[in-house]
Amino acid sequence: MSVLEELKGRSGNACELCGATNELSVYEVPPVSTGGIDGSLLACATCIGQIENPETTDANHWRCLNDSMWSEFDAVKVVAWRMLSRLKAEGWPKDLLDMMYLEDATLEWAKATGEGLSEAKKIIHRDVNGVILENGDNVVLVKDLKVKGSSMVAKQGTPVRRISLDRENAEYIEGKVDGQQIVIITKYVKKT
């Protein structure tokens, strides 16, 4: 059974956030570590569009979170927490956030993208040209790098696909070079 089919069964073939029944698809909740049914939810195109593009967020659409924030599924609770955090300046979302309870691991997952933090507190990863890097981006090395603890040298121009960001340090990313997972300093990469 596919993830889509499992999510349709779990949700009763409706968006797990707003309840819409059309244009449904799987939304993998970032940062994607587990994926699958536990790391995903079934959402409509409207919800996914507003989650991925904060400037298009319509606060009234998200009044549905009053119900979906109580879901038994962590992926749904994480997205509800993130959207309420994004909208807390509206007033009513702050009241819902105050009522919401998440287990420590779920709260850490919810905070992983920096949603709800002021811009000054967010850890922002930038490449050599100042372009913002995100989980899953592809980069190219701009300098030959000696890999600590091995005799390997990662050559300039080497592509690194689907990087992951260090959540505690804006200067570090991780990626695979020649099949080996390494930590790379952001000033030595360029986003492609």
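Helix 4 and helix 6 cross in a right-handed way. Helices here are DSSP runs of H or I with at least four residues, strands are runs of E with at least two, and both are numbered from the N terminus.

Before going further: this is a predicted model, where local features need pLDDT of at least 70 and side-chain atom pairs count only at pLDDT 80 or more, while totals for chains, interfaces and linings use all residues. Residues are numbered from 1 along each chain as its sequence is written, and side-chain values use heavy atoms, with hydrogens and water left out.

Back to the pair. Helix 4 covers residues 74-86, and its axis lies 9 Å from that of helix 6, at an angle of about 50°. Axes are lines fitted to C-alpha atoms, for helices over the stretch in contact, and angles run from 0 to 180 degrees between N-to-C directions. The two helices are therefore oblique to each other, the class left over once angles under 35 degrees (roughly parallel), over 145 (roughly antiparallel) and 65 to 115 (roughly perpendicular) are taken out.

Which residues of helix 4 meet helix 6? They are D74, A75, V78, W81 and R82, and they face T106, L107, W109, A110 and K111. Contact means heavy atoms within 4.5 Å. Nonpolar covers Ala, Val, Leu, Ile, Met, Phe, Trp, Tyr, Cys and Pro; charged covers Asp, Glu, Lys and Arg; the others, Gly among them, are polar.

Helix 4 also packs on helix 5, residues 92-99, with axes that come within 8 Å and cross at roughly 140°. This crossing is left-handed. W81, L84 and S85 of helix 4 meet W92, P93, L96 and L97 of helix 5. That contact has six nonpolar residues, one polar and no charged.

Next, A112. Where is A112 placed? A112 is in the loop between helix 6 (104-111) and strand 3 (139-141). Neighbours within four places in sequence aside, A112 is in contact with P31, R82 and R167.

Terms used
A crossing is left-handed if the near helix is turned anticlockwise from the far one by less than a right angle, and right-handed if clockwise.
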